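Thanks for coming. I will go through some helix packing, then a couple of single residues, then the contact between the chains. Please have the model open.

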Amino acid sequence: MINFEEELSKFIPSPEIEQAEDIIQNNDMTDISDIIKELLKRNNDEL
Amino acid sequence: MNCPNCGNKINKNKIHCEFCGSDLNLYRKIWSTSNLYYNRGLTKANIRDLSGAITDLRYSLELNKYNTDARNLLGLIYFEMGETVDALSQWVISKHFKPENNDADRYINAVQSNPTKLDSLNQAIKRYNTALNYAKQGSDDLAIIQLKKVVSLNPHFIRAHHLLALLLIKNNESDRAKRLLIKALKIDVSNTRTLRYLKAIDVPVTVNSDPSAKQAAEPSVTSTIMPLSSYKEDKPNIIAFVNLVIGVVIGIAVTAILVIPSIKKTYQAKENNYYTEYVESLSAQAEKEEAMIALQKDIQKLEEEKKELQEQLDSFVLPEDNSDFYEALLRLSQDYMDELSKSAKDRDLVAIADRLTDNIFNTLDLEMDEREEDANLINRLKAETYPAATKFYYDKGHDLYSDAKYEEALIELDRALTFDPENVDALYFKARAYHRLKDYENASVYYNIVIEDYPDSRRANSSKEYLNKIQ
């Protein structure tokens, strides 16, 4: 059974092409390698 | 390859970076795991499990953001699902990480080289956002109209399919929703939302926003659901066609009842006119024929007279001792026949009559046997010409009397009496002329002739009156 309102709330607006630049700039590029690097850096700093 | 820590170029077989001393084994494991997820994503993309492929590719990129292949593939999958902006974002980022020898260049150029297509994709996104607003405001009809347009602009926009299917399910159009969801399933075979909606199509949609209410067992439609009239295509308007046929039949009937009888009547009147004209022409022709027959008879009669006269003329023998007479008679006869050949109004019989009064015709001894034919001819000519001559001269004398030219009138009246001594009118007006000239003696003579010789004539009483006056 589908709850219409609940399902409807899951739909979010789709970004338009004019907004692509903002989306790209705000994109989080952090991956595991960056996290590991950050951890190693903190570790080295503590040491 | 580049060192993930310092970014310097190093040999890929090295365990430690020559520049920063970082342990490269860990990074190698991360990269191989990233490639593993990329491979899994690629496998799922090949069987159109796009949702599964997206999950694996995102894992791959979370492990290694420099995995260009994974990013490009993710962009392709986004584009296939109608998420144009997400696709372009991934390709742009991919190009940022790897500017050269990158397939993302080709993908971006393919999209941007067709501005019309790009605009239609953008229009689809805008209409989708508008439809979503309508749906959240409760204007389901408007949302459905917009979403139909979106689906036509971008048939791969799965989210638009989902929203439209949801609205159709809410409005009890499960069949149409099912068709829509099956189309979406062909694009992404494992899309959970698509599968969930398909499974729930036979179960009515509840509008209750309370999450706990969805666990209730009642599947029936609540009073908050307002079923709206669904869009139906217009059926062919048979009624209009039937009306048209009825109108044509009525028009034909009116024509038959009103117009055709008048046309028939007019035609009959024309026929009657033609018949009447024909009959009249026949009667006119008959009259002409009768006139022609009468004229032919006259011609025949005149030709017989001419022939008779000609015979008389031909049988006429000129005696040796009176050639002048016969020459004159012959000439006169010939002239008379010439006059007869003319029309009645053109004949001058008075001239013939005048010539008959010449001495040459009056000194003839008609008692001799050989003169009998001559006398007959002359008498015949006189009989034919004298009546016309006496009338001619009487009219002339009467006109002169009326103009008070009494002496000239007496001359003409005498001439008239030469051709007809019994012309009572000429005798009367001769007496009157003498009376006017105060020659009562001669007047009395002619008055007495009229009274005594023609007592029954219309001039007798007048003569008596005038005679009494002068006596």
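I start in chain B, with helix H12 (residues 323-341) and helix H15 (residues 372-402), whose axes come within 11 Å and cross at roughly 40°. Axes here are lines fitted to C-alpha atoms, for helices over the stretch in contact, and angles run from 0 to 180 degrees between N-to-C directions. H12(B) and H15(B) are therefore oblique to each other. On this scale, angles under 35 degrees count as roughly parallel, over 145 as roughly antiparallel, 65 to 115 as roughly perpendicular and the rest as oblique. The crossing of H12(B) and H15(B) is left-handed; that is, the near helix is turned anticlockwise from the far one by less than a right angle, and clockwise would be right-handed.

Which residues make this contact? From H12(B) they are Leu329(B), Leu332(B), Ser333(B) and Tyr336(B), and from H15(B) Asp374(B), Leu377(B) and Leu381(B). Contact means that the C-beta atoms of two residues, placed from the backbone, lie within 7 Å. By class, the residues of the contact of H12(B) with H15(B) are five nonpolar, one polar and one charged. Ala, Val, Leu, Ile, Met, Phe, Trp, Tyr, Cys and Pro count as nonpolar, Asp, Glu, Lys and Arg as charged, and the others, Gly among them, as polar.

A word on the source. This is a predicted model, in which local features need pLDDT of at least 70, side-chain atom pairs count only at pLDDT 80 or more, and totals for chains, interfaces and linings use all residues. Residues are numbered from 1 along each chain as its sequence is written, and chains are lettered from A and ligands numbered from 1 in the order in which they are written.

The second pair is helix H6 (residues 115-137) and helix H7 (residues 140-153) of chain B. Their axes come within 8 Å and cross at roughly 160°, and H6(B) and H7(B) are therefore roughly antiparallel to each other. H6(B) passes H7(B) in a left-handed crossing. The contact includes Ala124(B), Tyr128(B) and Ala131(B) of H6(B), and Leu147(B) and Val150(B) of H7(B). Its residues divide into ten nonpolar, four polar and three charged.

Chain B as a whole has 19 helices and zero strands. Helices (H or I, at least four residues) and strands (E, at least two) are DSSP runs, numbered from the N terminus. Of the 471 residues of chain B, 28% count as buried.

Now Ala460(B), in helix H19 (residues 460-470) of chain B. Buried takes 20 or more other C-beta atoms within 10 Å of a residue's own, exposed 12 or fewer, and partly exposed lies in between, with C-beta atoms placed from the backbone. Leaving out residues up to four places away in sequence, Ala460(B) touches Val450(B), Ile451(B), Tyr454(B) and Pro455(B). Val424(B) is 36 residues from Ala460(B) in sequence, with 9.3 Å from C-alpha to C-alpha.

Asp103(B), in helix H5 (residues 103-112) of chain B, is also partly exposed, with 17 C-beta neighbours inside 10 Å.

Last, the chains together. The contact takes 25 residues from chain A and 40 residues from chain B. On the chain A side, H1(A) gives the most, with five residues. That side divides into 14 nonpolar, five polar and six charged residues.
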